[in-house]
Amino acid sequence: MNSKIALITGATSGIGAACAEMFAQQGYKLILVGRRANLLEDTSSRLKGQYGLEIQTLVADVRDKTTLSEALEGLPADWKKVDILINNAGLSRGLDPIDKGDTEDWDAMIDTNVKGLLYVTKIVSNWMIPFKSGHIINIGSIAGKEVYPNGNVYCASKHAVDALNQGMRIDLLPYNIKVTAINPGMVETEFSLVRFKGDEERAKNVYKGFEPLHAQDIADAIWFVVSRPAHVNINDMLIMPSAQATATITNKN
Ligand code: NDP
Ligand code: 8X3
């Protein structure tokens with residue numbers, strides 16, 4: 001049994017849930033963070049039953065720095081030696097031109113994708129520093145490499161993740177902490193349902209006519225990255241469905 005610990009934000013769905021499964025298979029102890037308590041509990045009891053692991057579940061909104069900090073700092077001391085942090089919690093809300101955007105949507109994206117990621121990273125990097133080891137995986141996006149019509153604020157938030165990924169790598173270098181960005185193209189998860197505010201038809205259409213990435217593909221890539229030898233770091237990985245060339249060009253049947 002591996003005694004390493006992986007902390008995954010946004011573990012209730014999609015990429016985060018697939019990562020929880022992957023790290024459970026690899027024998028890691030898990031700290032799973034998300035807002036939906038029922039889903040966290042379901043995942044936790046399933047993985048505990050299947051892999052016989054220890055799991056801590058933290059029901060927390062990464063935007064709320066007080067509650068988040070209380071939840072993380074409230075973990076037992078021996079759980080604060082986190083080996084892998086996966087900054088995955090994130091969302092897109094709305095797909096509107098800048099003059100029509102909903103400012104509540106903008107707040108949700110910036111507060112979650114940028115500020116939430118920062119709050120988690122500050123706490124967990126301080127846990128890693130004394131051990132001079134650790135690996136932080138930031139889930140960016142093709143939207144952090146390109147800007148597409150109506151993507152404005154979501155793209156800005158993921159460009160910020162790209163910049164923070166580079167900044168963290170510089171700042172944490174003296175402490176032997178690896179930092180990697182995983183930047184996916186279209187992955188079929190709850191992402192589009194959240195973007196389109198529960199419009200299932202519109203969400204399904206996004207993935208029609210081609211095979212999108214699956215959450216498992218991203219978990220596989222993350223496992224590849226974290227399982228490199230100590231002297232190797234993958235700085236940045238851009239992963240697209242074979243049928244998608246750029247953020248806006250997809251070969252659909
Ligand atoms: P999902 O909507 O399936 O999962 C998002 C996860 O983030 C959920 O577990 C959700 O949990 C959690 N989350 C959202 N807001 C918060 C919050 N405020 N506090 C805590 N947890 C939160 O989407 P994906 O799995 O696709 O998305 C994961 C990441 O991947 C995101 O950062 C997204 O931007 C990125 N990404 C997704 C792509 C795609 O095409 N799907 C492509 C490129 C990047 P809960 O609601 O329970 O809190
Ligand atoms: C999610 C992928 O292309 O919808 O980050 O922005 S995209």
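**Close-up views of a predicted model**

**View 1. G140 sits in the loop between strand 5 and helix 5.** Helices (H or I, at least four residues) and strands (E, at least two) are DSSP runs, numbered from the N terminus. This is a predicted model, in which local features need pLDDT of at least 70 and side-chain atom pairs count only at pLDDT 80 or more, while totals for chains, interfaces and linings use all residues. Residues are numbered from 1 along each chain as its sequence is written, chains are lettered from A and ligands numbered from 1 in the order in which they are written, and side-chain values use heavy atoms, leaving out hydrogens and water. Is G140 buried or exposed? With 5% relative accessibility, G140 counts as buried (under 20% relative accessible area; exposed is over 50%, partly exposed in between; 1.4 Å probe, protein chains only). Beyond its neighbours within four places in sequence, G140 is in contact with K158, V161, I182, N183 and P184 (contact means heavy atoms within 4.5 Å). Between the C-alpha atoms of G140 and D162, 22 residues apart along the chain, there are 6.4 Å.

**View 2. Ligand 2 and the residues around it.** S141, I142, A143, Y148, Y154, F191 and R195 surround ligand 2 (each has a heavy atom within 4 Å of it). Look next at the polar contacts, pairs of N or O atoms within 3.5 Å. A polar side-chain atom of S141 is 2.5 Å from an oxygen atom of ligand 2, and a side-chain N or O atom of Y148 also lies 2.5 Å from an oxygen atom of the ligand. For R195, the distance from a side-chain N or O atom to an oxygen atom of ligand 2 is 3.3 Å. On its own, ligand 2 has 240 Å² of accessible area, and the protein covers 88% of that (Shrake-Rupley method, 1.4 Å probe).

View 3. Strand 1 (residues 5–9) runs parallel to strand 2 (residues 29–34), joined by 5 bridges, and A6 stands opposite L30.

Notes: Two strands pair if DSSP finds at least two bridges between them. A polar contact is a pair of N or O atoms within 3.5 Å; within protein, one must be able to donate a hydrogen and the other to accept it, and residues adjacent in sequence count only if both atoms are side-chain atoms.
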